[in-house]
Every structure is written in structure tokens, then in C-alpha cells.
Amino acid sequence: MKKFMIFMAALAALVLAPACEKYDDGRPPKDARSEFDRMYPDAWDIEWDYEGTAWVVDFETGPRPNGVEHTAIFDLSGNWISTETELPLNVVPQKVRDYLTAEYGDVPFEDYMVDYFETPAGDFYRFEVYLNGGKAEVDVTEDGKVSVAGYG
């Protein structure tokens, strides 16, 4: 009976393991999967998609079922390009919000969510605000660099 239970557990593991990751567009490069696993060992609800020149992986971290959603991008060679996490404005460090205010005053926000980007070149927060009569994306780093990323 004990051997049967071990066999059933092993069979279940083999059947369920592939269900942890979803590949809609084929399998991403092994280097991308390995780097992703190294960077986010506790990720769950993982979905890989091929989008032209990159592999995009949507995933969650944190306690289930209310984890934090992320999107990471890897190039075709498997190198990590960036990870984006949508955060509520109230969790952005006060000094980052102060840098934005120092540069643009009390600008109105499109909503109270902020995109946090992690990149090999450095991390930054992207605010969607109203500037000069239009919507703009403004990037702010924790060391005070403020720049307009684009107008919408």
C-alpha cells in the first residue's frame, strides 16, 4: 500500500508540474526560464507569451490568492530586460513623491496606481499625470532623477 501511495504521489507531481506554467506561444528559451526561476523562485500563476522580439511573462508573488501581479520581459537570448509591478500610490516612498512634487508641483494623477519598473540600468516609478493639458508618463528614481517618459 505504501508503494502504491508513493507511486500515486509521483504520478500526480508529473502530471501537475507542467500546469504551473502556461506557454501560449511555444516554450521560451531555457536561459530565460532559468533566469526567471532564479529571480522569482516564489512566483505562481506564470504565463509566458512571445511578443515579436521578446518573451513576456505575467506572474504573481506573495500570499495566495491575493498576490501582487508582475510582468517581466526577456529578450530572445533569454536576457532579462525589465519587470513591471503595478502598485498603489500610497506605497510609493514619500521621497519619490516629493521629487515629483518638486519638479511639477501638485500635479493631478490619472489614477492612484503607479508602475514600478526594475531594469538592469536601475529602478524607477512611472506616474501617469496630467501636464500641460494632456496626460504624461513621468519617471522618478529613488535618487531624484525626474523625466517625462512620454505623452498620451
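Buried means under 20% relative accessible area, exposed means over 50%, and partly exposed is in between, using a 1.4 Å probe and protein chains only. Keep that in mind, because at 11% relative accessibility D139 counts as buried. We will come back to D139.

A word on the source. This is a predicted model: local features need pLDDT of at least 70, side-chain atom pairs count only at pLDDT 80 or more, and totals for chains, interfaces and linings use all residues. Residues are numbered from 1 along each chain as its sequence is written, and side-chain values use heavy atoms, with hydrogens and water left out.

Let's start inside. In soluble globular proteins, nonpolar side chains tend to be buried together. A nonpolar core here is a set of buried Ala, Val, Leu, Ile, Met, Phe, Trp, Tyr and Cys residues joined through side-chain atoms within 4.5 Å. How many residues does the largest nonpolar core have? It has 16. V92, Y125, F127, V138 and V140 have the most contacts inside it. At least two residues each come from α3 (94-104), β6 (113-118), β7 (124-131) and β8 (134-140). Those labels are DSSP runs, numbered from the N terminus: helices are H or I with at least four residues, strands are E with at least two. Which element gives the largest share of this core? That is β7, with 4 residues.

Next, salt bridges. Side chains of opposite charge can pair when their charged atoms come close. The cut-off is a side-chain nitrogen of Lys or Arg within 4 Å of a carboxyl oxygen of Asp or Glu. The structure holds 3 of these.

Take R126 and D139. Their closest N and O atoms are 2.7 Å apart. R126 sits in strand β7 and D139 in strand β8, 13 residues apart, so to speak a link between distant parts of the chain. Are these two partners buried or exposed? R126 is buried at 18% relative accessibility, and D139 is buried at 11%.

Now E110 and K135. The closest N and O atoms of this salt bridge are 3.1 Å apart. E110 lies in the loop between α3 and β6, and K135 lies in strand β8, so the pair ties together parts that are 25 residues apart in sequence. E110 is partly exposed, at 31% relative accessibility. K135 is partly exposed too, at 30%.

Then R38 and E35. Their closest N and O atoms are 2.7 Å apart. Both residues lie in helix α2 (residues 30-39), 3 residues apart, about one turn of the helix. R38 is exposed, with a relative accessible area of 58%. E35 is partly exposed, at 23%.

Which residues form a negative surface patch? They are D45, E51, D58, E69, E86 and D111. Patches use residues with over 30% relative accessible area and no salt bridge; like charges are joined within 9 Å, and nonpolar side chains (Val, Leu, Ile, Met, Phe, Trp, Tyr) within 5 Å. Lys and Arg count as positive, Asp and Glu as negative, while His and the chain ends are not counted. A charge is placed at NZ of Lys, CZ of Arg, CG of Asp or CD of Glu. The areas come from the Shrake-Rupley method with a 1.4 Å probe, and for residues only the protein chains shown count as cover.

D58 is found in strand β3 (residues 54-61). With a relative accessible area of 31%, D58 is partly exposed.

D45 lies in strand β2 and has a positive phi of about 55 degrees although it is not a glycine. D45 is partly exposed, with a relative accessible area of 41%.

N132 also has a positive phi, near 50 degrees, and is a residue other than glycine. Where is N132? Find N132 in the loop between β7 and β8. N132 is exposed, at 75% relative accessible area.

P65 lies in the loop between β3 and β4 (68-75).

Last, two pairs to find on screen. W48 is in strand β2 (residues 44-50) and is buried, at 0% relative accessibility. W48 and F59 are 11 residues apart in sequence, and their C-alpha atoms are 8.8 Å apart in space. A54 is in strand β3 and is buried, at 9% relative accessibility. How far apart in space are A54 and D75, C-alpha to C-alpha? The distance is 4.6 Å, with the two residues 21 apart in sequence.
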